[in-house]
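Dear colleague,

Please find below the sequence and structure for your review. A summary of the findings follows directly after them.

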Amino acid sequence: MTLTLTPTVRQSFRRRRIWIVFALLAIAAAVATLLIQNAFSAAGRPLAADSPAPGGAQAVVEVLRDQGVDVTVASSLDDAVTRAEATDATLFVHDGDALLDGRQWSLLADSTPRLVVAAPGFTALRAIAPGVATAGVADDTARPARCDIPAATRAESLSGALRSLLTSEAEGDVVGCFPDDDGAFALVDAGDVALVSDTAVFANESIVDGGSAALALGLLGERDHLVWYLPVIADVDADTAPTLAEITPGWVSPAITLLIVATIAAGVWRGRRFGPLVAEDLPVVVRASETMEGRARLYARTSDRGHALDALRAGTLGRLARHLGLGATAPAREIADATAGLIDGDRAAIHALLVDASPLTDRDLVTTARDLHDLEQRVTDTLRPRTMPTEPEGTRP
């Protein structure tokens, strides 16, 4: 019998190093994801009134409060409308994720005498400023006001690479301020609505650039009350939200239908070729000893002593059951009890050997295998019929 020594730590590491590498990579990816999420959560939402991050707007909000403006933060669309109507306040809105629909924008515009929108999107412009459109980003050059809006006049000019708004097709009385070289504006005033093309005018990191601070304070500090509202996902109107079919191209549904039909046709076509199972003779005969040795090598290679001992016990229990006249389905504990009664042995020790013992090392496994063999030999010797002693010659009458 070939003995297999217990693998060392180095050998175990070599066998499992690929899985260790995968585990380390997974842990590193999880840590990186956690750090990125913490970084984004620490930065807060863009233009959040209580965010000191570069993209937040805490600076302008605190200055407004120092100047006596009552700034309240609305938590939802209904809250913003209620607060604006109750206090006749200026309403500031930044819908960076384009969550609101046209009806909701119209509701916001009707609830306040002065609506200030930062970086309006297509839906907002179509609802509250028809004809005004978004343009590209202008060069990083100073843009003088060139209009008579009081807040823009006090700001004098804006600097930085700001996005712009086009008013060539605007309806009604629309005034554009801070034009770029292409005739697009950074501020569009449509009476009750002021559209600021870029969030940089209000953000902490750029509020001190050029006349941004003066423009932001001028637009938001016109009244004694200011309602600050950033739409959230809960404000999305489920009845008007687009369905999956509306936001996917028109060819997607026919393509999916074609794939389903092709899959069913291929199954029917190829499935008919599968007939009943056919039994075939093995091309070679494998000796049982080779199978046993191969399985033993697998157990030894993986240090799986439990399965190796189970195989030995199964063989021993089966042979003991035949010797003792028990059925093939007799429980292991019943066989152990019968064995102990036959050889008058220690019942607890035989139970442990046949059922409970678990080897911790290869030496333990070899010892247990030897004990199983000895136990079976004792049962065989006990059941073997003894020969009668022969009588010496001359004793017969």
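Glu-376 has a relative accessibility of 14% and therefore counts as buried, since the cut-off for a buried residue is under 20%. Please note that these values come from a predicted model.

**Salt bridges**

The side chain of Glu-376 meets that of Arg-319 in a salt bridge, with an N to O distance of 2.6 Å.

In one of them, Asp-189 pairs with Arg-114, and the closest N and O atoms are 2.7 Å apart. This pair links distant parts of the chain, with Asp-189 in strand E9 (residues 185-189) and Arg-114 in strand E3 (residues 114-118), 75 residues apart. Are these two partners buried or exposed? Asp-189 counts as buried because its relative accessibility is 8%. Arg-114 is buried as well, with a relative accessible area of 6%.

The other example joins Arg-163 to Asp-198, where the closest N and O atoms are 3.5 Å apart. Arg-163 belongs to strand E7 (residues 163-166), while Asp-198 is in the loop between strand E10 (193-196) and helix H8 (212-220), so the pair ties together parts that are 35 residues apart in sequence. Arg-163 counts as partly exposed, at 37% relative accessibility. Asp-198, by contrast, has a relative accessible area of 9% and is buried.

**Disulfide**

As regards cysteine pairs, the count comes to 1 disulfide. Which residues does this disulfide join? The partners are Cys-147 and Cys-177, with an S to S distance of 2.0 Å. The pair links distant parts of the chain: Cys-147 is in the loop between E5 and helix H7 (150-155), and Cys-177 is in strand E8 (residues 175-179), 30 residues apart. The link of Cys-147 and Cys-177 is right-handed, with 110 degrees about the S-S bond. Both Cys-147 and Cys-177 are buried. In general terms, a disulfide is a covalent bond between the sulfur atoms of two cysteines.

**Second largest pocket**

The second largest pocket has a volume of about 210 Å³. It is lined by 16 residues, of which Ala-138, Asp-139, Asp-180, Asp-181 and Asp-182 are the closest to its centre. By residue class, the lining of this pocket divides into 7 nonpolar, 3 polar and 6 charged residues.

Which strands each supply at least two residues of this lining? They are strand E4 (133-137) and strand E5 (143-144). The largest share of the lining, 3 residues, comes from E4.

With kind regards

Terms used. Residues numbered from 1 in each chain as written. Predicted model: local features only at pLDDT ≥ 70, side-chain atom pairs only at ≥ 80, totals over all residues. Heavy atoms only, no water. 1 Å grid on protein atoms, 1.4 Å probe; cavity = no way out; pocket = protein on both sides within 12 Å on 5 of 7 lines; lining within 4 Å. Points joined across faces, edges and corners; volume = space filled by probe spheres on them. Helix = DSSP H or I, 4+ residues; strand = E, 2+ residues; numbered from the N terminus. Nonpolar A, V, L, I, M, F, W, Y, C, P; charged D, E, K, R; others polar. Disulfide = S-S within 2.5 Å. Buried < 20%, exposed > 50% of the residue type's maximum accessible area, 1.4 Å probe, protein only. Salt bridge = Lys/Arg side-chain N within 4 Å of Asp/Glu carboxyl O.
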